[in-house]
Amino acid sequence: MDPDRTVARRRSSLLLLRLLLVALLWSGLALGTFSLGSSPHRVLHDLLSEEQLLKVEDLSLALLQGGSMGPLSLPPDLPDLDPECRELLLDFANSSAELTGCLVRGARPVRLCQTCYPLFQQVASKMDNISRAVGNSSESHSCARSLLMADRMQIVVILSEFFNSTWQKANCANCLTNKSEELSNSTVYFLNLFNHTLTCFENNLQGSTHSLLQLRNYSEVCKNCHDAYKTLSSLYSEMQKMNELENKAESGTHLCIDVEDAMNITRKLWSRTFNCSVPCSDTVPVIAVSVFILFLPVVFYLSSFLHSEQKKRKLILPKRLKSSTSFANIQENSH
């Protein structure tokens, strides 16, 4: 035990003993059981029986020596932790501080999963060391109770739940391998294409960067970075489809927040900042089908009109009209 703490305990014990004696003396004066000239030992013998006096002496000796006497002794250092438990708590505190700093630094632009996954695994490991009973020893159970269930706040549990919920909301498991030991190949490939696209944007910017009022020309960006942007967008669409196929049972699943934020940044730069547009490969078939559908009524009415005109020309004249018309034709030929 710490020598300073032992000295402090002995001083507090002496103070408690003095307070006890003062209380006894004051009660004796109030009751008039002894005079002011009586000796201390005589006062105690007058107020207490012999058995009670022995108990008081034993208790005072136990307090002075810092020993234990069963139910009459004070519990030694209740708030203190065992060295093993304190080491586990400090490890969790240091790991939590590192992970918190990484999460805050990677907030904008979002770089949570790709930079903080080793620290998250470290915090999870420290929490497992605290919560599980290593070797089924009573000390391990005592550490778990002391650090996780000893008070109403349960700070260690709250921090662990916060890290787990943040990791799940970010869906970082989608960016990692099955064992969450490293980034998946598709994530690494996407991030490389993303960096390549941003580099292309920077290299093809035109105009003065010092004048905010001058309109900048982004035609070179749209022209030279078209292939890079199209490749990145196609890869993102494929990753979304694969994620939907792998998580059919779970509705509303997303890619990890790092990939989603990177694609959102690229699309905003391409469409809003640079005002570029990518012609869709399905545009021509869609336009052709739309024009065909629009012209269907015109074709229908036109064919109906032509068909009705042909029927009018093929009408058969009555016999009387035929004879009159033939007689008129004979006369004209004779003349």
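Among contacts in the chain (heavy atoms within 4.5 Å) between residues at least 6 apart in sequence, 63% join residues at least 24 apart. The model is predicted: local features need pLDDT of at least 70, side-chain atom pairs count only at pLDDT 80 or more, and totals for chains, interfaces and linings use all residues. Residues are numbered from 1 along each chain as its sequence is written, and side-chain values use heavy atoms, without hydrogens and water.

**Exercise 1.** Find how many helices and strands the chain has.

*Solution.* Take helices (H or I, at least four residues) and strands (E, at least two) as DSSP runs, numbered from the N terminus. Count them: 13 helices and zero strands.

**Exercise 2.** Compare the span of helix α8 with its expected span.

*Solution.* Start with the residues: α8 covers 185–203, which is 19 residues. The expected span is 1.5 Å times one less than the number of residues. That gives 27 Å expected. From first C-alpha to last, α8 reaches 27 Å, close to that value.

**Exercise 3.** Name buried residues of α8, then find what they pack against.

*Solution.* Buried means under 20% relative accessible area (1.4 Å probe, protein chains only). In α8 the buried residues include Phe190, Leu191, Phe194 and Phe201. Next, look at their partners. The buried residues of α8 pack against α5 (112–131), α9 (219–224), α10 and α11 (257–273). An α-helix has 3.6 residues a turn, so residues three or four places apart point the same way.

**Exercise 4.** State what share of the chain is buried.

*Solution.* Take the 335 residues of the chain. Buried residues make up 24% of them.

Definitions and conventions: Buried means under 20% relative accessible area, exposed over 50%, partly exposed in between (1.4 Å probe, protein chains only).
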